[in-house]
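The points can be read in order.

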Amino acid sequence: MNIKQSPSALPLNELLEKFSDQLAFISGPADVQIRGLSQPKEASPEDLIVLSEKSHLEEALKSASRIWLLPPALLTDRLKQENRTLLSAAQPKLLLSKIAKAYFRPTDHQIPVGSERIHPTAAIDPSARLGKDVTVGPFAVIGKECVIEDGVVIGAGAVLEPRVHLGRRCHIHPQVFIGHDCELGEECEIKPQAVLGGEGFGYATDPKTLSHHRITHFGRVVLGKRVHIGSGTTIDRGTFSDSFIDDETKIDNLCHFGHNIEIGKATIVTGGVIAAGSVKIGSGCVFGGGTCIAGHLEITDRVHIGGFSGVTKSVLQPGAYGGYPLQPLKEYLRTASSLPSLPKIRKELSQLRQHIFGKEQE
Amino acid sequence: MNIKQSPSALPLNELLEKFSDQLAFISGPADVQIRGLSQPKEASPEDLIVLSEKSHLEEALKSASRIWLLPPALLTDRLKQENRTLLSAAQPKLLLSKIAKAYFRPTDHQIPVGSERIHPTAAIDPSARLGKDVTVGPFAVIGKECVIEDGVVIGAGAVLEPRVHLGRRCHIHPQVFIGHDCELGEECEIKPQAVLGGEGFGYATDPKTLSHHRITHFGRVVLGKRVHIGSGTTIDRGTFSDSFIDDETKIDNLCHFGHNIEIGKATIVTGGVIAAGSVKIGSGCVFGGGTCIAGHLEITDRVHIGGFSGVTKSVLQPGAYGGYPLQPLKEYLRTASSLPSLPKIRKELSQLRQHIFGKEQE
Amino acid sequence: MNIKQSPSALPLNELLEKFSDQLAFISGPADVQIRGLSQPKEASPEDLIVLSEKSHLEEALKSASRIWLLPPALLTDRLKQENRTLLSAAQPKLLLSKIAKAYFRPTDHQIPVGSERIHPTAAIDPSARLGKDVTVGPFAVIGKECVIEDGVVIGAGAVLEPRVHLGRRCHIHPQVFIGHDCELGEECEIKPQAVLGGEGFGYATDPKTLSHHRITHFGRVVLGKRVHIGSGTTIDRGTFSDSFIDDETKIDNLCHFGHNIEIGKATIVTGGVIAAGSVKIGSGCVFGGGTCIAGHLEITDRVHIGGFSGVTKSVLQPGAYGGYPLQPLKEYLRTASSLPSLPKIRKELSQLRQHIFGKEQE
């Protein structure tokens, strides 16, 4: 853990008070200061470490950390007898993410150069409206009539075309592109070099000349609250209606979603997923990395699709799927495990046919 | 349709005159103004809507729009008797794309900040030559001896290395990179964060040390006219000769084409296609999303390759293909539909062998 | 070869002296000047061309070039009798890459605008330390306490967050993003629009609300010496420990490596490879384009994985592999060549079952 952390020392009492509904003090010294968060291997004595599974115990016992956070199931009498500060939470990893965000998340890179919140080199149109506590990095561009609500961070070199609306506390990382008229809900996080609201890939082909004429895209990209868009990911604007991604959906790096996409709430899309236009995806879905989705399909709620799958038909039943062609996951796993036997199957079938029908068989 | 459109009102007469060779007035009120383009569902009475297939009729009949554009085949007597303005074109979608471009395409985002065509912050080398009516966004970089012809738009934060040549009316969106000496024909459109003319991925490995020495790439990237390159797409420069993409070819987002690529005219490449170096692709091809193409292959004209396919051999006959390994499309579809039966095939074959040869068979 | 090359003329003697350990003069005129490097087809008489295989001879004999570099095996008496300058090296391509780097590599694009090494528009925090002979392009951002060692080139619009450390002669191309605290060894090359050190895609899901809480990532991205990262490629920072890529490893465009990745020395990763988090890859590996790698796997040294493969299990034996599911390459090639026969297998098996068991069989 080499990164500058915010507090020099966080009194345990403060932490217990803030998260009193989720965090319990169990045993050991109570009057301690937490100086950082760490994994067991690299921890200092005053770093808090988290154990969420029994298999982590062995490594933790070798750790220098004296402050442990673990679920009730791992709290043994033996551990309590040792002289460590033991804390307990039902969801230790979830709590860790909240503690990190509240106390330890590095933020000084949000003002990389100088000390002014709005870097003097940023090009901000006078008609743009900026709320309170907005941070704007060097060489960022904020177009005409943009509305930037309170607490937004806009990174260096980001480009916002006219009339972009950013909800409160959005974090737009450096070098992001957001096309004109797009709208983001509160606390969206857009990682470096994501591209929101480029024109869709729609052409009308002239049957005489075979030349392709681009269709102007009038729709926007609209994101709900707390949507995450990864680096290098591209979300195209809709043709007439908007491309829409609902609250809490998280999309990893290097994904592409074509025009008129619709995605529900709290769906997880991991790296390298490519989806053509007009795909409608439900809520609570999970997409494994490198999966491809053909255009104009519907994927209902709570569908989990394994990595490197090919989706060419709508998926209208919740459940787990995989493969190309896509199958229910259990069936796909049988297909996949049979595939290496195919040369043997081919050979044995040929032998069998020869045995039954005689030599003339191929 | 939430985006500011250019004209406040376009008289129908003006439209009929401009497209007199392709657009016919059929029936209904002739003295109308068109205030926007829309899809049926969201249209206002004065928005023009387009119907291209019979299946769209039902939705259109619920639309508020009073101005319809449709192909001759959909013009029924019943429609003509209703009090709507009916227009007809052989290719309604193609005409719509032309109407949008001529009258309704939003363009104010091309000058996102302030009112000067060439933003005062742009870094333009004095030796660069700019034509008439050139637009340059904030923080764009135009290197030494670049030649920018009339009507070009260069977006915010775009970087043009020395001696880039941009043909008339090219549209370089924000944050694009174009490497030194590259050349683009007229009316190319390069979407945000495309990368043209980076060095190719070529190494000579030292057999003693096993270290990889980069091969300097002296070739350029050369694009014909009206080539479209999507966001996040990378086209590497050639080793000695140029990487070349011919007129009217359109490449979607997040594609990669390695060094010494050659692509013919009017080929369509959809999102996420990865092609290694020295691939030669013909004219009038279509590549489905997520397809991978190995190096040093030739793909002839009018080849259509389905999405998520793997191309490892040259394709020398026009036609439709799919799968990995690649097969003619019809054969591939049979393979794909047989694949889920593989576990059953395996089991049945085993039973059959047991039946014929007895229990000792596996 | 349309690119401005550095020297107007390089005396052959100088070249022979510099590479005396690898380059031998064989026959023909010795008092010549080399004016460029070229491929045979486009060469001028004073361009050096390289032949590495016998099959290149025919094309070379049509070339205008009078200065040939070839391996000993291709040196025939007949060639020696003709009036050309013949040079010989055991590894002609490797030597060519060194000659190009030493004498012919274009570099003027490193200062695209004006003549100042550090462009006056760059935003450099006063606390950053820059070594000798550092080049910084227009609108580059160098954050607080960055350490930039001698001879580094930082391109236009690149963003370095605070405390980035760049080793000597690193070449950071335009529009690259490097997150806070990341560290690069000597002579790394980071191509335009690569993204190093974005936050990893890690979430803790609240089982009550199903909302996903982002896990703060405290690790860095650390690169060894002479690592190459392609355009559009994203390498996420680690959760607590660092994401690490060792010396001489080269990664092509549009690849993604998730948090806590570890890659050994001199591994080659070609375009479009997507790897989830916590993957550990050895040294001397080669990954074909478009391959997907699931999370938490280990791939040992000297593993070659074919293009468009899916890796879902650890690979603990060196060797060549391919396919999805992954198989040893030889076996995979048999599987792949059997796959198109699957519909025929299915049909023949059905016939056979009918023959044996009678009509009631499906």
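**Notes on the model**

1. Only 16% of the interface residues of chain B are interface residues in chain A as well, so the copies meet through different surfaces. Contact here means that the C-beta atoms of two residues, placed from the backbone, lie within 7 Å.

2. The model is predicted; local features need pLDDT of at least 70, side-chain atom pairs count only at pLDDT 80 or more, and totals for chains, interfaces and linings use all residues. Residues are numbered from 1 along each chain as its sequence is written, while chains are lettered from A and ligands numbered from 1 in the order in which they are written.

3. Between chains C and A, the contact takes 58 residues from chain C and 61 residues from chain A. Strand 20 (195-198), strand 21 (203-205), strand 22 (212-214), helix 5 (329-338) and helix 6 (342-357) of chain C each supply at least two residues of the side of chain C that touches chain A. Helix 6 of chain C gives the largest share of that side, five residues. Helices (H or I, at least four residues) and strands (E, at least two) are DSSP runs, numbered from the N terminus.

4. Chain A has an open sheet of 10 strands in the order 8-11-14-17-20-25-28-31-34-37, with parallel pairing. Its edge strands, strand 8 (123-124) and strand 37 (310-311) of chain A, each pair on one side only. Two strands pair if DSSP finds at least two bridges between them. Strand 31 (residues 274-275) and strand 34 (residues 292-293) of chain A pair in the parallel sense over two bridges, and in strand 34 A:I293 is the bridge partner of A:A275.

5. A:E248 lies in the loop between strand 26 (243-245) and strand 27 (250-251) of chain A. Is A:E248 buried or exposed? A:E248 is buried, because 27 other C-beta atoms lie within 10 Å (buried: 20 or more; exposed: 12 or fewer; partly exposed: in between; C-beta atoms placed from the backbone). Leaving out residues up to four places away in sequence, A:E248 touches A:R226, A:K265, A:A266, C:S211 and C:H212.
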